[in-house]
Amino acid sequence: MGRVSEEASTIAIMGATGSGKTTFANLVSGSAFRTSNGLRSCTDVVDVTEPFEVDGRRVVLVDTPGFDDTTKSDTDILTLIAEFLASSYQSGHKLTGLIFVHRISDFRIGGISLKNFRTFKKLCGEQTLRNVVIVTNMWSEVDPQLGETREHELATQDDFFKPALDKGAKIMRHNGSLESAKLVIRYILGNNPMALQIQRELVDEHRDILQTAAANEMERELQAEKERQRVERERVRQEMEEAARVREEEARRQREDEARRRQEELNRIEADRRRVEENMERERRELEQRMWEEDQHRKRESERLQREFEERMAEERRRTEDQQRWQREEDERLRRELEWQRHRQHRDHGGCIVIQ
Ligand SMILES: Nc1nc2c(ncn2[C@@H]2O[C@H](COP(=O)(O)OP(=O)(O)O)[C@@H](O)[C@H]2O)c(=O)[nH]1
Ligand SMILES: [Mg+2]
């Protein structure tokens, strides 16, 4: 941590990690602090540039890490910045101004940058906001029309920079050139140096860092983030429960379908079995009926044959009896004829006839 020069105007640069704070400080001061690739933070200490001149005025810039540092907690970063600010204020130095850097190219207009800005605002305090310049950079990374729309939104919506602008903060574009960076510095050099709220809280009111408005804001953000995460977890849990319920419902429906299919199959098999049994029963009855009818037919036939036989026998008997009767009558007739012939012979010949 460097020391703030006695005679120089001091300007602090704040903003989200990767917003371009160090690049801005290097550009305008000729320093060579390490810049990041935008993903990992490089400034995890408060860096003070060597004094440099703008329009004959000596200036030092204070480069700070973002509150969203990738290697330190938000409270650690606040402590780092607060300690620097408290110690320079104790030595009698007030900041001439503060620069809050915001990338106009950010896909999401709010996000991390606004979270940083809310803490930044509490760190400054409302009265000091008039010494603040919000610098939008990375204009080359965005379509100019889209950039302007975003800038307008940022400047006019209560969720974004409007409340700070209403209290005297200024919004300026930085196109990456030294000239545009110097314009920002020049503008700030017109300010009256003022103590920040956090400096008054820590030094004048002897508050602990955790009791400062900035720390409270950070805590509020943390709780809000926790709440958002809790709500998100709850939403995910409910979605998972809902998905599980849908899966369970689907499985139950499949089980019911399967059970119904099996029951239908059983019913079909049972109906087939009944049909086969009925067919067999019918065939059995038909067979019995046919056998009975054939039996009856055989009986009738045999009775008929028996009758015919008996009739033929009776006929035969009758014929035999008729034959015998006729034979007897014939015999009788012959005997009588013979007797008659004998009698006639005897009468004619005087002989006697012996009838045997
Ligand atoms: N296109 C463009 N890139 C920039 C600008 N300022 C910074 N960068 C890039 O953004 C990245 C982060 O910059 P850095 O100064 O380390 O951000 P810091 O974390 O806020 O200090 C680096 O890759 C820089 O080269 C700018 O105005 N325009
Ligand atoms: Mg940096």
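Which residue in β5 does Met14 stand opposite? Met14 stands opposite Phe100 in β5. The structure is a predicted model.

**The nonpolar core**
- The largest nonpolar core has 50 residues.
- Ile11, Ile13, Leu98, Ile99, Phe100 and Val132 touch the most other members of this core.
- Helix α2, residues 74-90, gives the largest share of the core, with 7 residues.
- Ile99 touches Ile11, Ile13, Val133, Val135 and Val184, leaving aside residues up to four places away in sequence.
- In soluble globular proteins, nonpolar side chains tend to be buried together.

- Strand β1 spans residues 9-15 and is mostly covered, with 7 of its 7 residues buried.
- Ser9, Ile11, Ile13 and Gly15 point one way from β1.
- Thr10, Ala12 and Met14 point the other way.
- Residues on both sides of β1 are buried.
- β1 pairs with strand β4, residues 57-63, in the parallel sense over 5 bridges.
- Within β4, Val59 is the bridge partner of Ser9.
- β1 is also joined to strand β5, residues 97-103, by 5 bridges.
- β1 and β5 run parallel.

**Helix α1 against helix α6**
- Helix α1 covers residues 21-29, and helix α6 covers residues 178-189.
- Their axes come within 9 Å and cross at roughly 95°.
- From α1, the contact uses Phe24, Leu27 and Val28.
- From α6, the contact uses Leu178, Ala181, Lys182 and Ile185.
- The residues of this contact divide into 6 nonpolar, no polar and 1 charged.

**Helix α2 against helix α7**
- Helix α7 covers residues 197-204.
- α2 and α7 pack at an angle of about 70°, and their axes are 9 Å apart.
- α2 and α7 are therefore roughly perpendicular to each other.
- On the α2 side, the contact residues are Ala82, Leu85, Ala86, Tyr89 and Gln90.
- These meet Ile198, Gln199, Leu202 and Val203 in α7.
- The residues of the contact of α2 with α7 divide into 7 nonpolar, 2 polar and no charged.

**Two loop residues with positive phi**
- Asp55 lies in the loop between β3, residues 52-54, and β4.
- Asp55 is not a glycine, yet its phi is positive, at about 50°.
- Is Asp55 buried or exposed? Asp55 counts as exposed because it has 9 C-beta neighbours inside 10 Å, and the cut-off for exposed is 12 or fewer.
- His206 sits in the loop between α7 and α8.
- His206 is a residue other than glycine, and its phi is positive, near 55°.
- His206 counts as exposed because it has 8 C-beta neighbours inside 10 Å.

**Glu265 in helix α8**
- Helix α8 covers residues 213-349, and Glu265 lies in this helix.
- Glu265 is exposed because 10 other C-beta atoms lie within 10 Å.
- How far apart are Glu265 and Gln306 in space, C-alpha to C-alpha? Glu265 and Gln306 are 60 Å apart in space.
- In sequence, Glu265 and Gln306 are 41 residues apart.

Terms used: Residues are numbered from 1 along each chain as its sequence is written. Chains are lettered from A and ligands numbered from 1 in the order in which they are written. This is a predicted model: local features need pLDDT of at least 70, side-chain atom pairs count only at pLDDT 80 or more; totals for chains, interfaces and linings use all residues. A nonpolar core is a set of buried Ala, Val, Leu, Ile, Met, Phe, Trp, Tyr and Cys residues joined through C-beta atoms within 7 Å. A residue is buried if 20 or more other C-beta atoms lie within 10 Å of its own, exposed if 12 or fewer, and partly exposed in between; C-beta atoms are placed from the backbone. Helices (H or I, at least four residues) and strands (E, at least two) are DSSP runs, numbered from the N terminus. Two residues are in contact if their C-beta atoms, placed from the backbone, lie within 7 Å. Axes are lines fitted to C-alpha atoms, for helices over the stretch in contact, and angles run from 0 to 180 degrees between N-to-C directions. Ala, Val, Leu, Ile, Met, Phe, Trp, Tyr, Cys and Pro count as nonpolar, Asp, Glu, Lys and Arg as charged, and the others, Gly among them, as polar. Angles under 35 degrees count as roughly parallel, over 145 as roughly antiparallel, 65 to 115 as roughly perpendicular and the rest as oblique. Two strands pair if DSSP finds at least two bridges between them.
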